[in-house]
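Hi,

Here is the structure I said I would pass on.

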Amino acid sequence: MINSDPMGQLGFNARRRPGSGLLAPFVWVAGLVATALAVTVGALLAVFTAAAVAMIALVAGVLVFFAGFALRARRAMTARRRDDGVIDAKKVGDTWVAYGWEKDGR
């Protein structure tokens, strides 16, 4: 027999089948165990993801720290290199203007 009412199967009573009364508690407990297992796995994955993000942030922080040291050392080396007797010059218009030749001791 064909049921012509498409909305007739909605609601909580539509899920109950005749004859499922004996297995209903076991199915309910199995659903509860599956839900608890899914929640536990989800919580563990969330903890592992948070730990991975924390480690990535820690490694990035160490990398930025050492990059700062490298840039500071590079600036110190360029500051030392400029004091070796080389005269700086800039092109202004069509002429070159030299700086550094008027220092004491030259």
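**Confidence and ground rules**

The protein has a mean pLDDT of 80, with 67% of its residues at 70 or more; pLDDT is the predictor's confidence in each residue, from 0 to 100. This is a predicted model, so local features need pLDDT of at least 70 and side-chain atom pairs count only at pLDDT 80 or more, while totals for chains, interfaces and linings use all residues. Residues are numbered from 1 along each chain as its sequence is written, and side-chain values use heavy atoms, with hydrogens and water left out.

**Layout**

You'll find 1 helix and 2 strands in the protein, in the order α-β-β from the N terminus. Helices (H or I, at least four residues) and strands (E, at least two) are DSSP runs, numbered from the N terminus. Helix α1 (residues 24-81) has the highest confidence, at 91, and strand β2 (residues 95-99) the lowest, at a mean of 83.

**The hairpin**

Strand β1 (residues 88-92) runs antiparallel to β2, and 5 bridges join them; strands pair if DSSP finds at least two bridges between them. Asp88 has Tyr99 as its bridge partner in β2, and Lys91 has Trp96. The two strands make a hairpin with 2 residues between them, and Gly93 in the turn has a positive phi of about 70 degrees.

**Phe rings and a nonpolar patch**

There are 2 aromatic pairs in the structure. Rings of Phe, Tyr and Trp (its six-membered ring) pair if their centres lie within 6.5 Å; planes under 30 degrees apart are stacked, over 60 edge-to-face, the rest tilted. Phe65 and Phe66 are edge-to-face, 5.7 Å centre to centre with 65 degrees between the planes. Phe65 and Phe69 are also edge-to-face, because their planes are at 75 degrees, with centres 4.9 Å apart. Both of these lie in helix α1, 4 residues apart, about one turn of the helix.

Phe66 is exposed, at 52% relative accessibility, whereas Phe69 is partly exposed at 43%. Leu58, found in helix α1, is exposed at 52%.

Met55, Leu58, Val59, Val62, Phe65, Phe66 and Phe69 form a nonpolar surface patch with about 730 Å² of accessible area together. Patch residues have over 30% relative accessible area and no salt bridge; like charges are joined within 9 Å, nonpolar side chains (Val, Leu, Ile, Met, Phe, Trp, Tyr) within 5 Å. A salt bridge is a side-chain nitrogen of Lys or Arg within 4 Å of a carboxyl oxygen of Asp or Glu.

Cheers

Definitions and conventions:
Buried means under 20% relative accessible area, exposed over 50%, partly exposed in between (1.4 Å probe, protein chains only). Accessible areas come from the Shrake-Rupley method with a 1.4 Å probe; for residues, only the protein chains shown count as cover.
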